[in-house]
Amino acid sequence: MRLRDEDRAAYTAALDDVIGSTEIQRRLARSGVRASQLRVLGLAEGPRVASTAEREYRSYLALRQRARGEAPLMPSLSGPGRQQVYGAGLLPVLAVLTPVLAITAAALFLLLGYGLRLADSAPAVAGNLVHAGWTSLGIGALAAVVGVLGLYRTASRHRGGAPKDRRDQGLTAELDAARAAWLRQLHEGIRSLLLQHLDRSPPPDAGGNGPGGVGTGDDGAGHDGAAVHSPRFTSPRFTGPNFGSPEASGPDIPTLRG
């Protein structure tokens, strides 16, 4: 199980808290493992440790999505999106279009009516056009006021969001409790992982480099002070031939007689 990016910092903080606990520090002092090695192990085994708290994490995510308004949308036949649930509706559309159409018609009627009056042509038609123009202008102004009030009310309701009542306070408390339960289970999973690693780690070497071991240095003496002696070699005694002794004689040389 993989955590979301915003929750990985919480996992790292939980890992550091467990490593800094008294229990883990006491075990580290008796073993040959460094704290940095435990941290690397905890980060590498993050997905596996997070899976031990999967149930608490999913509950926490569901409450967090509810608090943020990130609940998944229900599918509809008209297509995806939030507009199927909170659609614009017909009344807001009419509130926007009615003033535009009425004011446009009023401008056209007034322009034609006063144009005919200036030309002194068809005074009856000109009067009707002017009357229709002012009527359309009044309808457009009234529709514009109603539309503005309706849009302002809708915007204020969406901007304000849900009221901060006791239900919201209860959701916040429930969210905090779910996060605490997830972190508590996460701490327990990290603690179990680190303790298993420390149990599998061999104790410090009690042989050559340990305090009770005997090692041999370059000077031939062990760490316990016992001297190690090398065997004594003596050179053999070589003697040359004893030419001065009467037993030793050189080679016979024939005597030449005259």
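Buried means under 20% relative accessible area, exposed means over 50%, and partly exposed is in between, with a 1.4 Å probe and protein chains only.

A word on the model. This is a predicted model, where local features need pLDDT of at least 70, side-chain atom pairs count only at pLDDT 80 or more, and totals for chains, interfaces and linings use all residues. Residues are numbered from 1 along each chain as its sequence is written, and side-chain values use heavy atoms, with hydrogens and water left out.

Back to Arg64. What does Arg64 form a salt bridge with? The partner is Glu6, and the closest N and O atoms are 3.5 Å apart. A salt bridge here is a side-chain nitrogen of Lys or Arg within 4 Å of a carboxyl oxygen of Asp or Glu. Glu6 is partly exposed, at 45% relative accessible area. Arg64 sits in helix H5 and Glu6 in helix H1, 58 residues apart. Helices are DSSP runs (H or I, at least four residues), strands are too (E, at least two), and both are numbered from the N terminus.

Next pair. Glu23 and Arg191 meet in a salt bridge, 2.9 Å from N to O. Glu23 belongs to helix H2 and Arg191 to helix H8, and 168 residues separate them. Both are partly exposed: Glu23 has 27% relative accessible area, Arg191 has 29%.

Third pair. Asp199 and Arg27 form a salt bridge at 2.3 Å, N to O. Asp199 is in helix H8 and Arg27 in helix H2, so this pair ties together parts 172 residues apart in sequence. Asp199 is exposed, at 54%. Shared partners also join Glu6, Asp7, Arg64 and Arg68 into one salt-bridge network. How many salt bridges are there in the whole structure? The search finds 11.

Now the overall fold. The protein has 8 helices and 0 strands. Of its 258 residues, 22% count as buried. Take contacts (heavy atoms within 4.5 Å). Among those between residues at least 6 apart in sequence, 68% join residues at least 24 apart.

On to the inside. A nonpolar core is a set of buried Ala, Val, Leu, Ile, Met, Phe, Trp, Tyr and Cys residues joined through side-chain atoms within 4.5 Å. The largest one has 28 residues, and those touching the most other members are Ile24, Leu38, Trp182, Leu186, Ile190 and Leu194. H8 gives the largest share of this core, 10 residues. Which residues does Ile190 contact, leaving aside neighbours within four places in sequence? They are Tyr11, Ala14, Leu15, Val18 and Val49.

Glu56 lies in helix H5. Glu56 is buried, at 15% relative accessibility. Beyond four places in sequence, Glu56 contacts Ala181, Trp182 and Gln185.

Then the outside. Leu101 is found in helix H6. Leu101 is exposed, with a relative accessible area of 59%.

Last, confidence. pLDDT is the predictor's confidence in each residue, from 0 to 100. The protein averages 73, and 65% of the residues score at least 70. Residues 206-236 stay under 50, with 16 contacts beyond four places in sequence in the model. Residues 238-258 are also below 50, with 1 contact beyond near neighbours in sequence. Where pLDDT is low, the predicted coordinates should not be read in detail.
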